[in-house]
Amino acid sequence: MPEDCIYIARSSAIAARALAGEMMVMNSADSTFFTLNEVATAIFQAADGHTPLREIVRNQICEQFDVDPEQAQADAEQFVAELSAHGILLVSNQPLAAETAR
Amino acid sequence: EKKLYQKPAFRCEQV
């Protein structure tokens, strides 16, 4: 999947709450509970299904954190793939409808 | 003013 075309959205099978800068995510499908760190939380919160991942990295991660853009992009792609494998994020090369409220 | 970057990561637990 070309990196410019990665769109991410939150799954409908989850409940999420932010606490002290970290996001707590509960997956009701398999009763797993995830705690995201601050950078992961920023990506998760920006997962509206319409904003390309590269744009999220550029406008959110690189603006808030002291990081090389290419490094941030590579890390974000790996993170998104892992969270997608757990059913927390939906990933597509086309815009998606975000299924849960932010 | 930018915050210290940490690689995006998560901790997974079974409920």
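Me: Is the crossing in which α1(A) passes α2(A) left-handed or right-handed?
Reply: This is a predicted model: local features need pLDDT of at least 70, side-chain atom pairs count only at pLDDT 80 or more, and totals for chains, interfaces and linings use all residues, while side-chain values use heavy atoms, leaving out hydrogens and water. Residues are numbered from 1 along each chain as its sequence is written, with chains lettered from A and ligands numbered from 1 in the order in which they are written. A crossing is left-handed if the near helix is turned anticlockwise from the far one by less than a right angle, and right-handed if clockwise. The crossing of α1(A) and α2(A) is right-handed.

Me: Which residues of α1(A) make the contact with α2(A)?
Reply: Contact means heavy atoms within 4.5 Å. From α2(A) come A:Leu53, A:Ile56, A:Ile61 and A:Gln64. From α1(A) come A:Val39, A:Ala42 and A:Ile43.

Me: How do the residues of the contact of α1(A) with α2(A) divide?
Reply: Ala, Val, Leu, Ile, Met, Phe, Trp, Tyr, Cys and Pro count as nonpolar, Asp, Glu, Lys and Arg as charged, and the others, Gly among them, as polar. By that rule the contact has six nonpolar residues, one polar and no charged.

Me: Why does α1(A) count as oblique to α2(A)?
Reply: Axes are lines fitted to C-alpha atoms, for helices over the stretch in contact, and angles run from 0 to 180 degrees between N-to-C directions. Helix α1 (residues 38–45) and helix α2 (residues 53–64) of chain A have axes 10 Å apart, at an angle of about 140 degrees. That angle makes the pair oblique; under 35 degrees is roughly parallel, over 145 roughly antiparallel, 65 to 115 roughly perpendicular, and the rest oblique.

Me: How many residues of α1(A) are buried?
Reply: Buried means under 20% relative accessible area, exposed over 50%, and partly exposed in between (1.4 Å probe, protein chains only). The buried residues are A:Val39, A:Ala40, A:Thr41, A:Ala42, A:Ile43 and A:Phe44. Of the eight residues in α1(A), the buried ones number six.

Me: Which residue of β2(B) is the bridge partner of A:Phe34?
Reply: β4(A) and β2(B) are antiparallel and share five bridges. In β2(B), A:Phe34 is partnered by B:Cys12.

Me: In what order do the strands of the three-stranded open sheet of chain A run?
Reply: The pairing is antiparallel. β1(A) joins β5(A) over two bridges. Strand β1 (residues 7–10) joins β7(A) over four. The order is β5-β1-β7.

Me: Which residue stands opposite A:Tyr7 in β5(A)?
Reply: A:Tyr7 is buried, as are A:Ala9 on that side of β1(A) and A:Ile8 and A:Arg10 on the other. In β7(A), A:Tyr7 has A:Ser92 as its bridge partner. In β5(A), the residue opposite is A:Pro52.

Me: How far apart in space are A:Ser92 and A:Phe34?
Reply: A:Ser92 is buried, with a relative accessible area of 16%. In sequence, 58 residues separate A:Ser92 from A:Phe34. In space, C-alpha to C-alpha, the gap is 22 Å.

Me: What is the relative accessible area of A:Ala20?
Reply: A:Ala20 is found in the loop between β2 (14–19) and β3 (22–27) of chain A. Its phi is positive, near 55 degrees. Most residues other than glycine have a negative phi. A:Ala20 is exposed, at 78%.

Me: What is the relative accessible area of A:Ser31?
Reply: A:Ser31 is found in the loop between β3 and β4 (32–36) of chain A. Phi of A:Ser31 is also positive, near 55 degrees. A:Ser31 is partly exposed, at 29%.

Technical notes: Pairing = 2+ DSSP bridges.
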